[in-house]
Amino acid sequence: MSQAAGAPTRSRARPGGRDPAALLGPSVRPLRERKPPWFRVPAAGGQEYRRLHRLIAGESLHTVCQEAACPNIGECWERGTATFMILGDTCTRRCGFCNVKTGKPTWKDPLEPVRVARAVAQMGLRHAVITSVDRDDLPDKGAGAFAAVIEQLRRQAPACQVEVLTPDFQGQEMPLAKVIAARPDVFNHNVEVVPRLYPLARRGSRFERSCRVLALAKELGGSEVVTKSGLMVGLGESHEEVVDALALLRQAHVEVLTIGQYLRPSERHLPVVRYWHPDEFAALQRDAYALGFRHVAAGPLVRSSYYAETHLRERPRQL
Ligand code: SF4
């Protein structure tokens, strides 16, 4: 994501003063090397991309596509899909991989849900993904805004499937219950990395807590709400470590899974240890299906909202 001018620029490459080499190992990829060929994507800027850009700017909305500097932005926006980020552009946490601005949020905009829904309706989306920065500063952790967006989407874009990609609400049950009561089609909460890497990559979060959030979401939503999670590889984890993490997600009854490659947004973020080969993603996908996930998207450029409208389909036949 592009950091706004004047935004905090503290490095996340040494979270809490920790030496990343202690957890990631001494050999990491240099920031400015040529990436493997499977990361080549067409440049953004087509007609539909420009239309969306105007629409989103005109409604004063934020997208995670821009804020996270997502490599798929040209393709997704040209297809008319985008992931909206509500509750401002400033996050109260400071994950080592994330490009979203961090600090003390001031954004408070009761009309944001109306504008998000209007933009979705104008875009004619069949599946909208709504996410947010972490708002640990708010009494309801931002849950009310998620519920309001779902409600507005049901009114303004009734044919559109709604996926919410939420923070962990610090593990509190009431904010989660509020979101699930609004009945999104998909409840998504990303665990992001394997448990061992949490102290480095996700300070302030806990893998087990995220699993509890996902399990409770399933319990509250039942068959009406599909649960989904995702993680990134490339920070030195092994295939076995990832599969162990996936087994924990299955224990939490997660149904849909995404796995993609971590890409370092800037030198202030954690370094990439290794680029996983597409064949390794295919192996992870097979193992994930063997664990019982109903849909698995795995690949270098997969992000949790990439082709999200297809994630509600059952496992492809050829796998
Ligand atoms: S993958 Fe998700 S975040 Fe990236 S451009 Fe597509 S919709 Fe936006």
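Helices (H or I, at least four residues) and strands (E, at least two) are DSSP runs numbered from the N terminus. This is a predicted model: local features need pLDDT of at least 70, side-chain atom pairs count only at pLDDT 80 or more, and totals for chains, interfaces and linings use all residues. Residues are numbered from 1 along each chain as its sequence is written.

Now look at helix α5 (residues 112-123). In α5, E112, P113, V116, A117, A119, V120 and M123 are buried, meaning that 20 or more other C-beta atoms, placed from the backbone, lie within 10 Å of their own. They sit on the same side of α5 because they cover an arc of only 160 degrees around the axis, taken from the directions from the helix axis to the C-beta atoms. These buried residues pack against α2 (47-58), β2 (83-86), β5 (127-132) and α6 (143-156). After α5 comes G124, with a positive phi near 70 degrees.

Finally, step back. The protein has 11 helices and 10 strands. Its C-alpha atoms fill a box of roughly 50 × 45 × 40 Å along the principal axes, and buried residues make up 47% of the 319 residues.

How values were computed
A residue is buried if 20 or more other C-beta atoms lie within 10 Å of its own, exposed if 12 or fewer, and partly exposed in between; C-beta atoms are placed from the backbone. Two residues are in contact if their C-beta atoms, placed from the backbone, lie within 7 Å.
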